[in-house]
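Hi everyone, thanks for making time. I'd like to walk you through one spot where two chains meet, and then step back a bit. Here it is on the screen.

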Amino acid sequence: MELSESVQKGLQYLADPVHFDLKTFTAFTEVAFQSLISSRSECGLDDPQLKDIDQTILKHCHIATTTFILESVKQNADKSAISSCLEDSFDTDRIDVFYSSYQHHKRTLENLLESIGRSPPHITDVLWRLDYCIKNSHVHKVNQPSYLISLHVENDDSGGPPKEVNFNCTMEQLQDLVGKMKDAAKSLEKATQS
Amino acid sequence: MSARFRLGMSLAQACQDLGYKGEIGYQTFLYSNEPEIRSLLMFLVEKLPRESAETSDQPAGKSVLLQKAIADQIKAQLAVPWLPPTCRLPIQCKTQSRGPCHRFSSQPLSVPYSLKVPQNKQSKEVTEYYRDFLPAATAQPSQPISVPASLLELHASELSAAQEWESEWNSQGLLSRLTPEEYRSRKRSRLQRRIEEQLRAAAQPRPDAQGAQRSTSDLAELLQSFGGASAGGDILTKGTRFTHTEKFTFTQEPEKSVQQMAAAASSLPSSRQSEEDLRVQQQEEIAALQQQLHQLAVQMEEVGGDIRHLTTSINQMSEELKELEKSNTENEELVRVKKQTIDLLPDGENNLEKLQNLVEASVMRLDNLKAQWEKHKAPLLEEQRRLKELCSNQEVESTRMLAEIKELHDKIRQSAEEAKKKEALYKQLLTEYEKLPKDVSRSAYTMRILEIVGNIKKQKEEITKILSDTKELQKEINSLTGKLDRTFAVTDELVFKDAKKDESVRKSYKYLAALHENCTQLIQTIEDTGTIMREIRDLEEQIETENSKKTITNLEKILEDYKAIRQENATLAAKIKEA
């Protein structure tokens with residue numbers, strides 16, 4: 001895990017017993033995790049336990065810690081990775097304190113990071129109808145089947161009621177669609193075996 | 001047909017080139033049989049490049065590990081059945097629907113530290129702002145959901161900037177032999193100069209356009225601010241054009257504003273008049289003002305021209321003045337010398353002699369000084385040469401050291417990369433080792449091995465049993481034959497002795513001999529039958545193998561091919577004849 005100079009500097013402040021003793025360190029880590037998780041836009045840096053610390057350093061440490069937490073969650077860091085990052089400046093007590101709260105909040109933070117981005121809607125059901133066109137107003141003899149497909153999708157973005165995707169296709173198009181879906185399923189299977 | 005034959009030949013040749021030991025030719029491909037093709041294919045498969053064996057030794061990269069992790073995740077998710085939304089437990093919601101999603105929207109964060117200015121050099125106001133007013137980073141974005149995105153983006157940008165600086169410093173900065181700060185400042189000033197040049201080129205004033213005045217003054221201000229930021233801002237004082245225009249705009253703006261204020265004030269009381277009057281008045285006013293503006297602009301141009309004129313004339317004047325002063329001092333000098341000569345004239349002889357003496361003394365002194373100079377000059381020159389040499393030596397040394405430093409840098413990076421790779425490999429192997437099933441114990445394998453060994457032993461015992469049986473039988477046969485021979489010899493003797501005396505015995509002797517003969521014949525026949533049987537069995541086996549080679553069909557094929565070739569030949573001959 002690579003950390004920028006300013007983040008390392010902030011973590012060094014945090015490790016320094018002159019600025020943070022173990023108790024304020026614990027309180028501060030909790031505040032940092034909470035400020036990432038909570039949806040309210042307050043940060044909790046006005047915690048009474050953190051009153052005595054220089055606010056500039058406190059804010060710097062806050063940015064460094066939150067960045068470090070997010071990077072660790074992003075990289076799915078385990079204990080060895082985290083301690084190898086921190087052990088230069090942190091003593092083992094602090095690493096343990098940090099790691100225990102990290103484990104406690106990891107799931108929530110993962111959800112938070114997962115919620116960034118977009119995903120296509122899930123198909124949950126399908127209805128279809130086969131029409132056979134004998135002739136139309138332009139052509140006397142058509143004699144072609146056509147399919148009306150209606151996909152029921154579950155849209156996660158809005159969380160609203162399930163929607164439908166309707167389309168009409170010829171037999172070749174439907175075969176193409178089915179073939180592509182089979183291909184997709186097969187490649188998914190293949191991906192699990194590699 | 002001939003094409004097939006040629007293809008078969010070339011295939012056989014290719015196989016032989018690969019190093020196939022067995023018998024091979026066109027017949028192997030045209031009239032194939034199972035075992036030959038089998039051995040050939042086995043040989044070819046062995047010759048195939050073994051990719052998998054090579055890759056398994058290589059340390060798996062990050063991407064491979066990631067792919068493995070992804071594969072595991074997909075496998076786990078595929079194992080979970082789909083459930084309708086209403087039946088989902090919270091734990092299944094995770095994998096089957098992701099919940100509300102947001103775009104990756106980051107906002108710039110303001111941070112309580114500066115990467116460029118060291119902490120003790122920050123101004124008091126800035127530190128105060130950092131301490132008292134700057135909100136915490138997570139409170140800065142307008143929406144809480146963009147907090148992680150903003151933090152990650154900030155970190156990524158800092159990292160990439162540091163990396164870029166590192167690579168630039170290693171590639172160019174080290175060679176320039178400057179400290180990082182000097183290098184930075186030099187680069188900054190270079191950039192500024194280039195921007196200034198570009199802006200200057202773009203800001204050539206267009207006298208006809210009205211907006212030009214304004215934009216050039218803007219640019220002038222911009223340039224001025226650049227000058228203020230950089231240490232070498234004196235370049236700008238040369239740009240008289242800009243400073244002039246700037247001066248004009250600055251001096252005129254207050255005037256203009258005063259006029260506008262006055263106009264506004266005069267228009268205030270008349271607000272009670274009717275709309276029509278007001279509009280007319282306003283239009284008049286606007287016209288008047290525009291005229292005024294125009295006049296002012298014209299005036300300004302004129303004044304600017306005058307000023308330029310005057311400045312040049314001032315310059316000229318001062319030059320002239322300097323020249324005049326110079327000639328003045330020269331003349332004064334001349335006058336002084338002449339005055340002295342005139343003073344010396346009355347006592348001419350004496351003074352001439354004195355002067356002569358003076359001149360001689362001066363010459364002597366000059367010689368003396370020259371000699372002294374020569375004396376001094378030699379060691380100084382020597383010193384200079386030595387120092388120069390030293391300097392060049394040092395230069396060489398420093399380049400060497402620089403190269404060494406670069407090499408060391410490279411080595412450090414390489415070692416770090418290698419260490420990382422090794423660590424990753426170790427981790428991967430560890431996880432693989434953990435993944436391996438532990439329940440397959442040694443005992444099972446040993447049991448199986450022991451079983452196999454036991455089986456082999458049993459088979460061996462049986463074989464030895466059969467062998468000993470055969471041997472025993474052989475022995476028995478031998479002993480029986482011996483016994484028979486002996487008994488026959490004894491009987492023969494006895495009967496032969498008696499046969500001389502008795503006629504009937506002689507007859508019986510004859511019978512005995514015939515019996516013996518017949519029995520031997522019988523035995524011989526039986527043995528022959530055995531060998532024949534064996535031969536038959538061998539032949540049957542041979543027939544079977546030959547049958548498996550599909551000889552008949554192959555022969556048929558060969559016959560057909562032969563016919564085809566003949567036909568081809570015939571047609572070719574016919575063609576030749578026709579031609």
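So, let's start with two helices, α3(A) and α8(B): they are roughly perpendicular to each other, because an angle from 65 to 115 degrees counts that way, and theirs is about 95 degrees. One thing to keep in mind throughout is that this is a predicted model.

How far apart are the axes of α3(A) and α8(B)? They sit 9 Å apart, and the α3 stretch I mean is residues 55-75 of chain A.

Now, who is doing the touching? From α3(A) we have A:Thr66, A:Thr67, A:Leu70 and A:Glu71, and from α8(B) come B:Pro148, B:Leu151, B:Leu152 and B:His155. Sort the residues of that contact by type and you get four nonpolar, three polar and one charged.

Okay, zooming out to the whole contact between the chains. Chain A puts in 39 residues and chain B puts in 35. On the chain B side, the helices that each give at least two residues are α5 (62-79), α7 (124-133) and α8 (146-173). Which one has the largest share? That's α8(B) again, with nine residues. By type, that side of chain B has 24 nonpolar residues, seven polar and four charged.

Last, chain B as a whole. Its secondary structure is 17 helices and zero strands, and of its 579 residues, 4% are buried.

Key: Residues are numbered from 1 along each chain as its sequence is written. Chains are lettered from A and ligands numbered from 1 in the order in which they are written. This is a predicted model: local features need pLDDT of at least 70, side-chain atom pairs count only at pLDDT 80 or more; totals for chains, interfaces and linings use all residues. Two residues are in contact if their C-beta atoms, placed from the backbone, lie within 7 Å. Helices (H or I, at least four residues) and strands (E, at least two) are DSSP runs, numbered from the N terminus. Ala, Val, Leu, Ile, Met, Phe, Trp, Tyr, Cys and Pro count as nonpolar, Asp, Glu, Lys and Arg as charged, and the others, Gly among them, as polar. A residue is buried if 20 or more other C-beta atoms lie within 10 Å of its own, exposed if 12 or fewer, and partly exposed in between; C-beta atoms are placed from the backbone. Axes are lines fitted to C-alpha atoms, for helices over the stretch in contact, and angles run from 0 to 180 degrees between N-to-C directions. Angles under 35 degrees count as roughly parallel, over 145 as roughly antiparallel, 65 to 115 as roughly perpendicular and the rest as oblique.
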